[in-house]
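Hello,

Here is the structure for you to look over. My notes follow below it.

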Amino acid sequence: MSQQFSYTFKILLLGDGAVGKTSLVQRFVHGKFSKSYLMTIGMEPYSRYETIDGIKVCYSLWDIAGQDRFAVMRNLFFRGAMGSLVTFDLTRRATFDGVEKWINEAKSASPNQLFILVGNKNDLEDLREVSPEEGKAKAEELGCINYIETSAKTGANVAEAFHQIGRTLLHRKQETE
Ligand code: G3D
Ligand code: MG
């Protein structure tokens with residue numbers, strides 16, 4: 001059986017280690033949060049099919065490992081990316097400071113892609129180290145389409161983050177055709 005999709009969008013999950021990239025993609029693709037993943041060893045592919053505005057699209061999601069030892073392989077995985085969720089952990093400011101380097105690295109492999117800035121773990125409100133205002137300001141400064149706060153644990157805003165990228169990519173495609 002063959003399925004026809006109008007568009008396939010290659011989307012990367014970027015961000016420092018343990019910010020929740022694998023949890024977010026698992027939540028979006030499988031609808032659940034699991035505590036026991038094997039540590040990502042380079043790249044893990046996932047896909048999800050959806051209809052946006054009556055058009056069938058495939059989200060091709062690339063969950064990359066943040067460790068420096070995978071930096072060389074990352075450049076290959078990054079090619080042809082159309083969008084990225086650039087994720088940080090709201091409870092660890094160092095991961096917020098790290099987002100710019102991810103955007104620069106991804107842009108150097110695929111310059112025309114778009115980015116959404118994602119502050120994850122917003123279920124841990126008491127441990128928050130980055131305010132929503134700071135998140136918004138950083139998204140604007142770095143030219144991201146938006147800033148959104150998520151929880152892979154509760155599921156809050158997770159689908160919305162992927163959908164914002166998907167919708168923006170679809171509209172871009174439609175404008176250029
Ligand atoms: P990574 O793929 O970016 O490296 P993971 O991150 O998805 O492996 O998540 C790292 C840790 O953060 C995991 O905890 C995971 O359960 C937790 N986590 C991910 N997202 C959330 C969230 O939204 N809220 C909370 N409270 N925790 C989250 P462990 O303990 O397994 O290391
Ligand atoms: Mg991971």
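**Ligand site, loops and cores**

A polar side-chain atom of Asn120 sits 3.2 Å from a nitrogen atom of ligand 1. Lys121 also places a polar side-chain atom 3.0 Å from an oxygen atom of ligand 1. From Val19, a backbone N or O atom lies 3.3 Å from a ligand 1 oxygen atom. (The cut-off for a polar contact is a pair of N or O atoms within 3.5 Å; within protein, one must be able to donate a hydrogen and the other to accept it, and residues adjacent in sequence count only if both atoms are side-chain atoms.) The protein covers 75% of the 660 Å² of accessible area that ligand 1 has on its own (Shrake-Rupley method, 1.4 Å probe; for residues, only the protein chains shown count as cover).

A word on provenance. This is a predicted model: local features need pLDDT of at least 70, side-chain atom pairs count only at pLDDT 80 or more, and totals for chains, interfaces and linings use all residues. Residues are numbered from 1 along each chain as its sequence is written, chains are lettered from A and ligands numbered from 1 in the order in which they are written, and side-chain values use heavy atoms, with hydrogens and water left out.

Back to the site. There are 17 residues around ligand 1, and Ala18, Lys21, Thr22, Ser23 and Asp123 come nearest (near: a heavy atom within 4 Å). Helix α1 (residues 21–30) gives the largest share of this shell, 3 residues (helices are DSSP runs of H or I, at least four residues; strands are E, at least two; both numbered from the N terminus).

Two loop residues have a positive phi without being glycine. Ala18 has about 70 degrees and lies between β1 (7–14) and α1. Ala18 is exposed, at 58% relative accessible area (buried is under 20%, exposed over 50%, partly exposed in between; 1.4 Å probe, protein chains only). Asp53 has about 45 degrees and lies between β2 (43–52) and β3 (55–64). Asp53 is exposed too, at 55%.

Now the inside. The largest nonpolar core has 25 residues; Phe9, Ile11, Tyr59, Leu61, Leu85 and Phe162 touch the most other members (a core is a set of buried Ala, Val, Leu, Ile, Met, Phe, Trp, Tyr and Cys residues joined through side-chain atoms within 4.5 Å). α6 (158–175) is among the elements giving two or more residues to this core. α6 gives the most, 6 residues.

Best wishes
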